[in-house]
Amino acid sequence: MAAWRQLGAWILSAKRHATTISPDRSSVYSFDLEGRPLSWFENDCTYKRSLASRVHVRDRAGGRRRRWTLTGEQASERFAAVLERTAKTPRAALDEELRTRLEAILGWTPERLLEESRRFEATYEPVSILPPDQYLSVVLQATFGCSWNRCTFCSFYQNRAFRTRTPAEFRAHTEAVNDLLGRARHLRPRIFLADGNALMLSETRLRELMDIACEAFPDRPLAGFIDVFTGEKKLAAGWADLRERGLERVYVGLETGHDPLLAWINKPATTERAREFVFSLKAARVRVSVILMAGLGGRRFAEGHVRDSLDLVSRLPLEDKDIVYLSPFVLDERSAYAQRAVQEHITPLDETELQAQLETLRAGCRAAHPHVRVAPYDIREFIY
Ligand code: SF4
């Protein structure tokens with residue numbers, strides 16, 4: 001239960017895992033239990049601070065959502081403004097809890113907040129992407145990069161060699177993460193095993209790493225990304241064993257159900273193998289989030305992509321806790337995909353076509369699985 005207090009126009013709330021301070025109706029600041037800003041709303045903009053103290057901003061202009069990241073100097077100015085305003089909180093009638101939390105918040109300076117980027121870099125290799133419902137997880141890097149790293153559209157792990165951590169390295173990493181998060185760890189109820197396909201590790205190694213993760217961050221379910229061609233190497237019994245040890249959910253990058261498009265993006269899987277893999281995950285009672293990418297393959301592949309993706313989704317044994325994510329394709333101009341699209345005269349979908357494809361996919365997935373959540377996955381909103 002949150003303790004809260006209204007002092008004139010100010011509203012303060014000491015929630016279980018965060019503190020919110022609202023000086024007026026149009027501004028709300030939220031802080032973690034270490035006193036660091038988490039997010040805030042001001043002048044119709046939403047600001048979010050990553051653990052590395054990068055500040056992502058979102059607003060709406062002319063009916064369209066805009067997002068951008070502040071420079072270090074701009075972030076410092078925003079931190080200073082938040083702290084200056086928070087320092088004006090009327091204190092006379094504050095209880096002990098709120099007073100202590102306010103002191104923790106005002107113990108930070110813009111310089112110290114920016115310094116958090118160094119602590120982050122000492123703790124993590126770059127964290128390139130997470131599923132949208134895992135932004136508030138404890139990310140633990142069991143592996144680095146992706147063991148395949150050759151899908152033409154994907155540049156998350158380019159120029160990074162795939163590497164796995166030994167159990168001793170992983171234990172040291174969990175300690176560093178614990179230290180970085182401090183009391184803010186309580187805000188993070190799940191563990192995400194990164195990077196791109198940490199779940200490809202052998203069951204023996206995964207069990208060992210999962211035990212270390214759960215010891216460092218108890219009472220949290222685990223999740224991770226996996227691709228069809230690495231995930232299918234484990235039997236349903238192996239997934240069931242991992243499920244027993246705390247693996248709650250896996251995120252499967254299907255991208256499309258259209259085999260010619262899978263081949264064109266150099267993803268070594270087929271629709272049939274994807275279907276069999278999801279069946280084996282469901283037989284193991286693992287929750288599944290499948291990801292489809294709208295706009296992939298441009299106009300040339302659009303018809304086959306939509307038709308076969310919906311056909312695939314309709315044949316998956318999804319249940320009510322599973323999720324279908326629809327991710328609008330974002331082109332990286334430096335990718336092999338971009339080069340190939342130019343060479344082969346692939347025309348990208350325009351915004352109207354992309355929205356129409358998203359809507360068709362959304363409606364089709366909902367019709368196939370009325371009890372399954374169909375949710376957006378915009379990689380441009382990723383934050384950790
Ligand atoms: S899409 Fe997945 S499998 Fe393909 S390169 Fe990227 S991380 Fe690896």
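Two strands are said to pair if DSSP finds at least two bridges between them, and the strands themselves (E, at least two residues), like the helices (H or I, at least four residues), are DSSP runs numbered from the N terminus. In those terms, strand E1 is joined to strand E2 (residues 10–14) by five bridges, the two running antiparallel, and Trp4 stands opposite Ser13 in E2. This is a predicted model, in which local features need pLDDT of at least 70 and side-chain atom pairs count only at pLDDT 80 or more, while totals for chains, interfaces and linings use all residues. Residues are numbered from 1 along each chain as its sequence is written.

The chain is divided into domain 1 (3–116) and domain 2 (124–381), with bounds that come from an automatic or database domain assignment. The centres of the two domains, taken over C-alpha atoms, are separated by 32 Å. Where the domains touch, domain 1 contributes seven residues and domain 2 contributes eight residues, two residues being in contact if their C-beta atoms, placed from the backbone, lie within 7 Å. By class, the side of domain 1 that touches domain 2 has three nonpolar, one polar and three charged residues; here Ala, Val, Leu, Ile, Met, Phe, Trp, Tyr, Cys and Pro count as nonpolar, Asp, Glu, Lys and Arg as charged, and the others, Gly among them, as polar.

The strands E1 and E2 belong to an open sheet of eight strands, which has the order E1-E2-E3-E4-E5-E6-E7-E8 and antiparallel pairing. Its edge strands are E1 (3–7) and E8 (64–69), each of which pairs on one side only. Neighbouring strands of this sheet are turned by 10° against each other on average, with direction ignored; the axes behind such angles are lines fitted to C-alpha atoms, for helices over the stretch in contact, and the angles run from 0 to 180 degrees between N-to-C directions.

Within this sheet, strand E3 (residues 19–24) and strand E4 (residues 27–31) run antiparallel and are joined by four bridges, with Asp24 opposite Ser27 in E4. These two strands form a hairpin that has two residues between them. Strand E4 is in turn joined by four bridges to strand E5 (residues 37–42), again antiparallel, and the bridge partner of Ser30 is Ser39 in E5. The hairpin of E4 and E5 has five residues between its strands, and Gly35 in the turn has a positive phi of about 95°.

Two helices lie across the strands of this sheet. Helix H1 (residues 72–86) lies across E3, E4, E5, strand E6 (45–49) and strand E7 (55–61), and runs at about 80° to E5. Helix H2 (residues 96–106) lies across E1, E2, E3 and E4, and runs at about 95° to E2.

A second open sheet is built from seven strands in the order E9-E12-E13-E14-E15-E16-E17, and here the pairing is parallel. Strand E9 (138–141) and strand E17 (373–376) stand at the edges with a single partner strand each, so one side of each is left without a neighbour in the sheet. From one strand to the next, the twist averages 25°. Strand E15 (residues 287–294) and strand E16 (residues 323–328) run parallel and are joined by six bridges, and Val290 stands opposite Val324 in E16.

We turn next to the backbone of some loops. Most residues other than glycine have a negative phi, and most peptide bonds are trans. The peptide bond from Ala194 to Asp195, however, is cis, with omega near 5°, and Asp195 is placed in the loop between strand E12 (191–194) and helix H5 (203–216). Asn159, although not a glycine, has a positive phi of about 60°; this residue is found in the loop between strand E10 (143–144) and strand E11 (163–164). Asn159 is exposed, with 7 other C-beta atoms within 10 Å, where a residue counts as buried if 20 or more other C-beta atoms, placed from the backbone, lie within 10 Å of its own, as exposed if 12 or fewer do, and as partly exposed in between. Asn266, also not a glycine, has a positive phi of about 65° and is found in the loop between helix H8 (259–264) and helix H9 (271–283). With 15 other C-beta atoms within 10 Å, Asn266 is partly exposed.

The ligand remains to be described. The residues around the ligand are Cys146, Trp148, Asn149, Cys151, Cys154, Phe156, Gly196, Asp227, Gly253 and Lys267, a residue being near a molecule if its C-beta atom, placed from the backbone, lies within 6 Å of it. By class, this shell divides into five nonpolar, three polar and two charged residues.
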